[in-house]
Amino acid sequence: MARLLIKTEGLPNRTLDLRLGVNRLGRTPENDFAIPHTTISATHCELMVTNDGVYLRDCQSTNGTFINGEPVTEAWLQAGQELRLGDVEFHVESTDVNIAIPEYEREVAPAPPTVLPDGTVCCPRHTGVAAAFKCTHCGEVMCNHCVHIMKRQGGAPLFLCTICSHKCERLTQAPGAAKKRGLLGYIQDTVKLKFGPVRTTPKK
């Protein structure tokens, strides 16, 4: 599995085993990996682990993110590289990814999103902001600010769910269409995602 080794002395958790999806590194305990160092920002960077590898994105940190001494804002990590966040040094031991499909005891349906009087589906984390994406796995809807964007090598960007890190699809709401569909349309879409599209035979 993808792994980083902390080289700077005096810090706990010398080994960081990255999980599939988004891994947040920062000074505060709210991160997936808390690094208590004065040169690390509250949320310093994100490491997105996918089947393509490990993609790093700096979260506008104060003291910067560096790979082999060069400042970066976004980059794919490679095994053997030296990563530095502020004054904390890491060694990229591995970027290998072992993808396994998790087993769920039961499926939990997402809570219905807020729907404005005009029928627009809203992001549950930003009041009044229209949802732009929907997760193909858990059904969560989210706006452009919430969805995780990952640049793929030689391909189009991949949009990931902020809840489960699975693939998201862009919502298309034509003027007036949202009002006609509303909450019922959202429920129908959720059923289609779970059971697949309904196929009809064209009339001859």
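Is β5 mostly covered or mostly open, and how many of its residues are buried? I looked it up: six of its six residues are buried, so to speak a mostly covered strand. Buried here means under 20% relative accessible area, with exposed over 50% and partly exposed in between (1.4 Å probe, protein chains only).

A note on what I'm working with: this is a predicted model, where local features need pLDDT of at least 70, side-chain atom pairs count only at pLDDT 80 or more, and totals for chains, interfaces and linings use all residues. Residues are numbered from 1 along each chain as its sequence is written, and side-chain values use heavy atoms, leaving out hydrogens and water.

Next I checked the two faces. In a regular strand the side chains alternate between the two faces of the sheet. In β5, Cys 45, Leu 47 and Val 49 are buried on one side, and Glu 46, Met 48 and Thr 50 are buried on the other.

Then the neighbours. Strands are DSSP runs of E, at least two residues, numbered from the N terminus, and two of them pair if DSSP finds at least two bridges between them. I found β5 (residues 45-50) joined to β6 (residues 53-58) by six antiparallel bridges, and the two form a hairpin with two residues between them. Leu 47 has Leu 56 as its bridge partner in β6, and Met 48 stands opposite Tyr 55. Strand β3 (residues 21-26) runs antiparallel to β5 with five bridges; Gly 21 partners Val 49.

Last, the whole sheet: it is open and mixed, in the order β4-β3-β5-β6-β9. β4 (33-34) and β9 (74-76) are at the edges with a single partner strand each, so one side of each has no neighbour in the sheet.

Terms used
Helices (H or I, at least four residues) and strands (E, at least two) are DSSP runs, numbered from the N terminus.
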